[in-house]
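This report covers helix packing in one structure. Two packed helices are described by the angle between their axes and the distance between the axes.

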Amino acid sequence: MTTVRIHDGNARTAPGADASRQRAQWADVAKGACIILVVLWHVIVKDYLQISWHAGSPVPSAWGTLGEQFLPLRMPLFFTISGVFAANAVNRPWRVLGRSRVAKFLYLYAVWLLIHTAILAAVPDFPTAHGDSVLGLVEQLTITPSNLWYLYALALYFAFAKAVRRAPRPVILAAAAALSVITAAGVLATPGDRGGVYQNLVFFLGGLYFKPYVERWAATATNRRLALTFVVYAAALTVMAVTGGQRWVGVWPAVSVAAVAFGVTAAERVSRWRPVGDALAALGRRTLPIYVIHMPLLALLHGFLVGPMSGLGGDGQALTVAEYPILLTAVVIGLSLAIHRGLLAVRATWLFEVPRRWRPAAPRRT
(Lines give C-alpha, C1' and ligand atoms only; values in the text may rest on other atoms or scores of the structure.)
Protein backbone atom coordinates (compact mmCIF):
# COMPACT_ATOMS: atom_id res chain seq x y z
CA MET A 1 0.00 0.00 0.00
CA THR A 2 1.38 3.33 -0.95
CA THR A 3 2.46 5.62 1.85
CA VAL A 4 1.66 9.29 2.06
CA ARG A 5 4.62 11.23 3.39
CA ILE A 6 3.92 13.96 5.87
CA HIS A 7 6.34 16.81 6.38
CA ASP A 8 5.69 19.28 9.17
CA GLY A 9 5.53 22.78 7.85
CA ASN A 10 6.13 26.14 9.46
CA ALA A 11 3.05 28.28 9.01
CA ARG A 12 5.01 31.42 9.65
CA THR A 13 7.41 30.89 6.81
CA ALA A 14 5.22 28.83 4.51
CA PRO A 15 1.57 29.92 4.56
CA GLY A 16 0.37 26.91 2.57
CA ALA A 17 2.32 24.31 4.51
CA ASP A 18 -0.34 23.66 7.16
CA ALA A 19 -3.05 23.12 4.52
CA SER A 20 -0.77 20.73 2.64
CA ARG A 21 -0.06 18.81 5.82
CA GLN A 22 -3.77 18.63 6.62
CA ARG A 23 -4.53 17.12 3.23
CA ALA A 24 -1.88 14.47 3.79
CA GLN A 25 -3.12 13.94 7.34
CA TRP A 26 -6.70 13.20 6.35
CA ALA A 27 -5.51 10.70 3.75
CA ASP A 28 -3.41 8.85 6.30
CA VAL A 29 -6.29 8.92 8.78
CA ALA A 30 -8.53 7.35 6.13
CA LYS A 31 -5.94 4.68 5.37
CA GLY A 32 -5.49 3.95 9.06
CA ALA A 33 -9.23 3.51 9.52
CA CYS A 34 -9.46 1.34 6.41
CA ILE A 35 -6.72 -1.04 7.47
CA ILE A 36 -8.42 -1.46 10.85
CA LEU A 37 -11.65 -2.31 9.04
CA VAL A 38 -9.82 -4.77 6.78
CA VAL A 39 -8.33 -6.63 9.74
CA LEU A 40 -11.59 -6.45 11.70
CA TRP A 41 -13.54 -7.96 8.79
CA HIS A 42 -11.08 -10.82 8.44
CA VAL A 43 -11.17 -11.42 12.20
CA ILE A 44 -14.97 -11.57 12.10
CA VAL A 45 -15.47 -13.87 9.11
CA LYS A 46 -12.36 -16.04 9.32
CA ASP A 47 -12.10 -16.53 13.08
CA TYR A 48 -14.93 -15.10 15.19
CA LEU A 49 -17.82 -16.59 13.23
CA GLN A 50 -15.97 -19.93 13.00
CA ILE A 51 -16.11 -20.29 16.79
CA SER A 52 -18.98 -22.31 18.20
CA TRP A 53 -20.75 -19.66 20.26
CA HIS A 54 -23.25 -21.62 22.33
CA ALA A 55 -24.18 -18.90 24.82
CA GLY A 56 -27.40 -18.15 22.92
CA SER A 57 -26.39 -14.56 22.24
CA PRO A 58 -27.32 -12.57 19.11
CA VAL A 59 -23.98 -10.76 19.33
CA PRO A 60 -22.09 -12.92 16.77
CA SER A 61 -24.68 -12.28 14.05
CA ALA A 62 -24.66 -8.59 15.00
CA TRP A 63 -20.89 -8.45 14.50
CA GLY A 64 -21.27 -10.13 11.13
CA THR A 65 -23.93 -7.63 10.08
CA LEU A 66 -21.84 -4.69 11.28
CA GLY A 67 -18.82 -5.88 9.33
CA GLU A 68 -20.89 -6.12 6.16
CA GLN A 69 -21.90 -2.46 6.43
CA PHE A 70 -18.32 -1.38 5.83
CA LEU A 71 -17.79 -3.50 2.71
CA PRO A 72 -18.76 -0.66 0.31
CA LEU A 73 -16.38 1.65 2.17
CA ARG A 74 -13.10 -0.13 2.93
CA MET A 75 -11.54 -0.92 -0.42
CA PRO A 76 -13.24 1.77 -2.56
CA LEU A 77 -11.89 4.42 -0.17
CA PHE A 78 -8.47 2.78 -0.10
CA PHE A 79 -8.26 2.77 -3.89
CA THR A 80 -9.61 6.31 -4.21
CA ILE A 81 -6.80 7.57 -1.98
CA SER A 82 -4.26 5.47 -3.89
CA GLY A 83 -5.52 7.09 -7.10
CA VAL A 84 -5.24 10.59 -5.63
CA PHE A 85 -1.57 10.02 -4.86
CA ALA A 86 -0.85 8.20 -8.13
CA ALA A 87 -0.95 11.31 -10.34
CA ASN A 88 2.75 12.13 -10.22
CA ALA A 89 3.80 8.51 -10.70
CA VAL A 90 1.55 7.97 -13.73
CA ASN A 91 3.06 11.03 -15.42
CA ARG A 92 6.58 9.66 -15.14
CA PRO A 93 8.28 7.71 -17.96
CA TRP A 94 7.42 4.04 -18.34
CA ARG A 95 10.81 2.87 -17.08
CA VAL A 96 10.39 4.88 -13.88
CA LEU A 97 6.76 3.91 -13.31
CA GLY A 98 7.51 0.28 -14.09
CA ARG A 99 10.30 0.16 -11.55
CA SER A 100 8.76 2.23 -8.78
CA ARG A 101 5.18 0.98 -8.94
CA VAL A 102 4.36 -1.92 -11.28
CA ALA A 103 7.41 -4.09 -10.59
CA LYS A 104 7.39 -3.15 -6.91
CA PHE A 105 3.81 -4.24 -6.27
CA LEU A 106 4.12 -7.39 -8.36
CA TYR A 107 7.32 -8.28 -6.50
CA LEU A 108 5.68 -7.76 -3.10
CA TYR A 109 2.64 -9.72 -4.20
CA ALA A 110 4.75 -12.69 -5.35
CA VAL A 111 6.99 -12.73 -2.27
CA TRP A 112 4.15 -12.57 0.21
CA LEU A 113 2.01 -15.00 -1.76
CA LEU A 114 4.75 -17.61 -1.30
CA ILE A 115 4.94 -16.81 2.41
CA HIS A 116 1.17 -16.97 2.82
CA THR A 117 0.99 -20.25 0.91
CA ALA A 118 3.61 -21.87 3.15
CA ILE A 119 2.04 -20.69 6.40
CA LEU A 120 -1.58 -21.32 5.43
CA ALA A 121 -0.67 -24.87 4.44
CA ALA A 122 0.03 -25.47 8.13
CA VAL A 123 -3.50 -24.33 9.04
CA PRO A 124 -5.64 -26.14 6.42
CA ASP A 125 -8.92 -25.47 8.26
CA PHE A 126 -8.47 -21.70 8.16
CA PRO A 127 -11.19 -20.40 5.81
CA THR A 128 -9.21 -18.53 3.19
CA ALA A 129 -8.13 -19.63 -0.26
CA HIS A 130 -4.52 -20.66 -0.77
CA GLY A 131 -2.70 -22.59 -3.44
CA ASP A 132 -2.51 -26.27 -2.50
CA SER A 133 -0.66 -27.28 -5.66
CA VAL A 134 1.84 -25.85 -8.10
CA LEU A 135 -0.96 -25.18 -10.57
CA GLY A 136 -3.02 -23.44 -7.88
CA LEU A 137 -0.06 -21.28 -6.94
CA VAL A 138 0.57 -20.34 -10.56
CA GLU A 139 -3.09 -19.45 -10.94
CA GLN A 140 -2.92 -17.13 -7.93
CA LEU A 141 0.25 -15.55 -9.29
CA THR A 142 -1.39 -14.79 -12.62
CA ILE A 143 -5.16 -14.72 -13.17
CA THR A 144 -6.86 -15.40 -9.81
CA PRO A 145 -5.30 -13.25 -7.10
CA SER A 146 -5.26 -14.31 -3.47
CA ASN A 147 -6.21 -12.31 -0.38
CA LEU A 148 -3.19 -10.13 -1.24
CA TRP A 149 -5.10 -8.87 -4.26
CA TYR A 150 -4.70 -5.18 -3.30
CA LEU A 151 -1.02 -5.34 -4.30
CA TYR A 152 -1.84 -7.24 -7.48
CA ALA A 153 -4.54 -4.70 -8.36
CA LEU A 154 -2.29 -1.69 -7.76
CA ALA A 155 0.32 -3.03 -10.18
CA LEU A 156 -2.34 -3.53 -12.86
CA TYR A 157 -4.02 -0.20 -12.17
CA PHE A 158 -0.80 1.80 -12.47
CA ALA A 159 0.08 0.07 -15.73
CA PHE A 160 -3.43 0.54 -17.10
CA ALA A 161 -3.61 4.21 -16.12
CA LYS A 162 -0.28 4.85 -17.81
CA ALA A 163 -1.28 2.96 -20.96
CA VAL A 164 -4.51 4.92 -21.43
CA ARG A 165 -3.28 8.30 -20.20
CA ARG A 166 -3.85 9.89 -23.64
CA ALA A 167 -7.30 8.37 -24.14
CA PRO A 168 -10.41 10.45 -23.34
CA ARG A 169 -10.92 10.23 -19.59
CA PRO A 170 -14.74 10.06 -19.74
CA VAL A 171 -14.50 6.99 -21.99
CA ILE A 172 -12.00 5.20 -19.74
CA LEU A 173 -13.92 6.06 -16.58
CA ALA A 174 -17.20 4.92 -18.14
CA ALA A 175 -15.64 1.61 -19.15
CA ALA A 176 -14.24 1.09 -15.64
CA ALA A 177 -17.62 1.97 -14.13
CA ALA A 178 -19.33 -0.52 -16.44
CA LEU A 179 -16.87 -3.21 -15.38
CA SER A 180 -17.62 -2.45 -11.73
CA VAL A 181 -21.37 -2.50 -12.32
CA ILE A 182 -21.51 -5.82 -14.15
CA THR A 183 -19.12 -7.43 -11.67
CA ALA A 184 -21.15 -6.29 -8.67
CA ALA A 185 -24.30 -7.55 -10.38
CA GLY A 186 -22.77 -11.02 -10.66
CA VAL A 187 -22.61 -11.05 -14.44
CA LEU A 188 -18.89 -11.93 -14.52
CA ALA A 189 -17.33 -14.96 -12.90
CA THR A 190 -15.00 -13.80 -10.14
CA PRO A 191 -13.07 -16.74 -8.66
CA GLY A 192 -10.70 -15.95 -5.83
CA ASP A 193 -10.49 -12.22 -5.28
CA ARG A 194 -10.78 -11.31 -8.93
CA GLY A 195 -14.03 -9.49 -8.22
CA GLY A 196 -12.25 -6.92 -6.08
CA VAL A 197 -9.83 -6.17 -8.92
CA TYR A 198 -12.69 -5.65 -11.37
CA GLN A 199 -14.86 -3.55 -9.08
CA ASN A 200 -12.29 -1.10 -7.74
CA LEU A 201 -10.53 0.10 -10.88
CA VAL A 202 -13.14 2.84 -11.22
CA PHE A 203 -12.33 4.16 -7.73
CA PHE A 204 -8.59 4.24 -8.43
CA LEU A 205 -9.21 6.11 -11.67
CA GLY A 206 -11.71 8.36 -9.93
CA GLY A 207 -9.09 9.37 -7.38
CA LEU A 208 -6.53 9.85 -10.15
CA TYR A 209 -8.73 11.85 -12.52
CA PHE A 210 -10.59 13.87 -9.90
CA LYS A 211 -7.71 14.46 -7.52
CA PRO A 212 -8.30 18.25 -7.20
CA TYR A 213 -11.97 17.69 -6.43
CA VAL A 214 -11.30 14.97 -3.86
CA GLU A 215 -8.74 17.18 -2.12
CA ARG A 216 -11.11 20.13 -2.21
CA TRP A 217 -13.91 17.95 -0.82
CA ALA A 218 -11.64 17.09 2.10
CA ALA A 219 -10.33 20.62 2.57
CA THR A 220 -13.84 22.07 2.76
CA ALA A 221 -15.36 19.33 4.93
CA THR A 222 -17.71 20.47 7.69
CA ASN A 223 -19.59 18.75 10.48
CA ARG A 224 -22.80 19.46 8.59
CA ARG A 225 -21.47 17.63 5.53
CA LEU A 226 -20.28 14.81 7.77
CA ALA A 227 -23.80 14.35 9.12
CA LEU A 228 -25.33 14.60 5.65
CA THR A 229 -22.96 12.08 4.02
CA PHE A 230 -23.45 9.69 6.94
CA VAL A 231 -27.23 9.86 6.56
CA VAL A 232 -26.97 9.26 2.81
CA TYR A 233 -24.61 6.30 3.30
CA ALA A 234 -26.73 4.80 6.09
CA ALA A 235 -29.92 5.28 4.09
CA ALA A 236 -28.38 3.64 1.02
CA LEU A 237 -27.25 0.66 3.12
CA THR A 238 -30.70 0.36 4.67
CA VAL A 239 -32.52 0.47 1.34
CA MET A 240 -30.09 -2.03 -0.16
CA ALA A 241 -30.57 -4.40 2.79
CA VAL A 242 -34.37 -4.09 2.89
CA THR A 243 -34.81 -4.57 -0.84
CA GLY A 244 -32.07 -7.18 -1.21
CA GLY A 245 -30.68 -5.04 -4.00
CA GLN A 246 -26.99 -5.82 -3.59
CA ARG A 247 -27.00 -7.53 -6.99
CA TRP A 248 -29.15 -4.97 -8.76
CA VAL A 249 -27.35 -3.28 -11.61
CA GLY A 250 -25.51 -0.20 -10.42
CA VAL A 251 -26.60 -0.38 -6.78
CA TRP A 252 -23.37 -1.56 -5.15
CA PRO A 253 -21.08 0.92 -6.98
CA ALA A 254 -23.50 3.76 -6.19
CA VAL A 255 -23.50 2.86 -2.50
CA SER A 256 -19.70 2.72 -2.62
CA VAL A 257 -19.56 6.24 -4.07
CA ALA A 258 -21.70 7.44 -1.16
CA ALA A 259 -19.40 5.58 1.21
CA VAL A 260 -16.29 7.24 -0.25
CA ALA A 261 -17.87 10.69 0.06
CA PHE A 262 -18.60 9.95 3.70
CA GLY A 263 -15.18 8.38 4.29
CA VAL A 264 -13.22 11.35 2.95
CA THR A 265 -15.35 13.76 4.99
CA ALA A 266 -15.05 11.71 8.16
CA ALA A 267 -11.29 11.31 7.74
CA GLU A 268 -10.81 15.06 7.48
CA ARG A 269 -12.97 15.72 10.53
CA VAL A 270 -11.21 13.04 12.59
CA SER A 271 -7.78 14.32 11.50
CA ARG A 272 -8.53 17.48 13.50
CA TRP A 273 -9.35 15.47 16.62
CA ARG A 274 -6.10 14.69 18.33
CA PRO A 275 -4.78 12.32 19.58
CA VAL A 276 -7.18 10.02 17.67
CA GLY A 277 -6.35 11.61 14.33
CA ASP A 278 -2.61 11.38 14.89
CA ALA A 279 -2.87 7.76 16.00
CA LEU A 280 -4.88 6.77 12.93
CA ALA A 281 -2.54 8.72 10.65
CA ALA A 282 0.47 6.95 12.15
CA LEU A 283 -1.25 3.64 11.48
CA GLY A 284 -2.12 4.79 7.96
CA ARG A 285 1.57 5.24 7.20
CA ARG A 286 2.19 1.59 8.11
CA THR A 287 -0.54 -0.16 6.18
CA LEU A 288 1.75 -2.32 4.05
CA PRO A 289 3.22 -4.47 6.86
CA ILE A 290 -0.19 -4.84 8.50
CA TYR A 291 -1.76 -5.85 5.20
CA VAL A 292 0.79 -8.49 4.24
CA ILE A 293 1.39 -9.93 7.73
CA HIS A 294 -2.03 -10.00 9.34
CA MET A 295 -3.62 -12.89 7.41
CA PRO A 296 -1.05 -15.65 8.12
CA LEU A 297 -0.76 -14.33 11.67
CA LEU A 298 -4.53 -14.52 12.09
CA ALA A 299 -4.49 -18.05 10.68
CA LEU A 300 -1.96 -19.17 13.30
CA LEU A 301 -3.86 -17.46 16.10
CA HIS A 302 -7.08 -19.05 14.84
CA GLY A 303 -5.50 -22.48 15.12
CA PHE A 304 -4.73 -21.82 18.79
CA LEU A 305 -7.96 -20.00 19.70
CA VAL A 306 -10.86 -21.69 17.92
CA GLY A 307 -10.81 -24.85 20.05
CA PRO A 308 -10.44 -23.23 23.48
CA MET A 309 -12.94 -20.48 22.67
CA SER A 310 -15.50 -23.00 21.39
CA GLY A 311 -14.99 -25.06 24.53
CA LEU A 312 -15.58 -22.22 26.98
CA GLY A 313 -18.56 -22.54 29.25
CA GLY A 314 -21.57 -20.29 28.93
CA ASP A 315 -20.30 -17.75 31.46
CA GLY A 316 -16.88 -17.55 29.80
CA GLN A 317 -18.37 -17.03 26.37
CA ALA A 318 -20.83 -14.46 27.68
CA LEU A 319 -17.88 -12.43 28.99
CA THR A 320 -15.95 -12.56 25.69
CA VAL A 321 -18.52 -12.72 22.90
CA ALA A 322 -19.00 -8.95 22.56
CA GLU A 323 -15.44 -7.65 22.77
CA TYR A 324 -13.59 -10.59 21.18
CA PRO A 325 -13.38 -9.09 17.62
CA ILE A 326 -12.08 -5.77 18.95
CA LEU A 327 -9.46 -7.37 21.16
CA LEU A 328 -8.24 -9.80 18.51
CA THR A 329 -8.10 -7.05 15.88
CA ALA A 330 -5.92 -4.97 18.21
CA VAL A 331 -3.70 -7.97 18.94
CA VAL A 332 -3.29 -8.84 15.25
CA ILE A 333 -2.41 -5.25 14.29
CA GLY A 334 -0.01 -4.86 17.21
CA LEU A 335 1.74 -8.15 16.49
CA SER A 336 1.92 -7.37 12.76
CA LEU A 337 3.74 -4.11 13.50
CA ALA A 338 6.01 -5.85 16.02
CA ILE A 339 6.90 -8.55 13.48
CA HIS A 340 7.59 -5.83 10.93
CA ARG A 341 9.99 -4.09 13.32
CA GLY A 342 11.69 -7.39 14.03
CA LEU A 343 12.13 -8.17 10.35
CA LEU A 344 13.62 -4.74 9.72
CA ALA A 345 15.94 -5.23 12.68
CA VAL A 346 17.39 -8.36 11.04
CA ARG A 347 17.63 -6.46 7.74
CA ALA A 348 14.88 -8.37 5.97
CA THR A 349 13.93 -5.20 4.11
CA TRP A 350 13.55 -7.25 0.92
CA LEU A 351 10.18 -8.35 2.30
CA PHE A 352 8.84 -4.81 2.00
CA GLU A 353 10.69 -3.31 -0.93
CA VAL A 354 12.48 -4.47 -4.05
CA PRO A 355 16.13 -5.31 -3.20
CA ARG A 356 18.42 -2.49 -4.24
CA ARG A 357 20.63 -4.77 -6.31
CA TRP A 358 17.62 -5.73 -8.44
CA ARG A 359 16.67 -2.16 -9.22
CA PRO A 360 17.75 -0.80 -12.58
CA ALA A 361 20.48 1.80 -12.31
CA ALA A 362 19.27 5.36 -12.63
CA PRO A 363 20.34 6.99 -15.90
CA ARG A 364 23.37 9.25 -15.65
CA ARG A 365 22.91 12.92 -16.16
CA THR A 366 24.90 14.50 -18.94
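Which residues in α7 meet which residues in α9? In α7 they are Trp149, Tyr152, Ala153, Leu154, Leu156, Tyr157, Phe158, Phe160 and Ala161, and in α9 they are Gly196, Val197, Asn200, Leu201, Phe204, Leu205 and Leu208. By class, the α7 contact with α9 holds 14 nonpolar, two polar and no charged residues.

This is a predicted model, in which local features need pLDDT of at least 70, side-chain atom pairs count only at pLDDT 80 or more, and totals for chains, interfaces and linings use all residues. Residues are numbered from 1 along each chain as its sequence is written, and side-chain values use heavy atoms, with hydrogens and water left out.

Contact means heavy atoms within 4.5 Å. Helices are DSSP runs (H or I, at least four residues), numbered from the N terminus. Axes are lines fitted to C-alpha atoms over the stretch in contact, with angles from 0 to 180 degrees between N-to-C directions. Ala, Val, Leu, Ile, Met, Phe, Trp, Tyr, Cys and Pro count as nonpolar, Asp, Glu, Lys and Arg as charged, and the others, Gly among them, as polar.

| Helix pair | Axes come within | Crossing angle |
|---|---|---|
| α7 (residues 149–163) and α9 (residues 194–209) | 10 Å | roughly 50 degrees |
| α8 (residues 169–184) and α9 | 8 Å | roughly 150 degrees |

α8 and α9 are therefore roughly antiparallel (over 145 degrees). Their crossing is left-handed (the near helix is turned anticlockwise from the far one by less than a right angle). Among the contact residues are Arg169 and Ile172 of α8 and Tyr198 and Gln199 of α9. The contact of α8 with α9 has 11 nonpolar, five polar and one charged residues.

Key: Helix = DSSP H or I, 4+ residues; strand = E, 2+ residues; numbered from the N terminus. Parallel < 35°, antiparallel > 145°, perpendicular 65-115°, else oblique.
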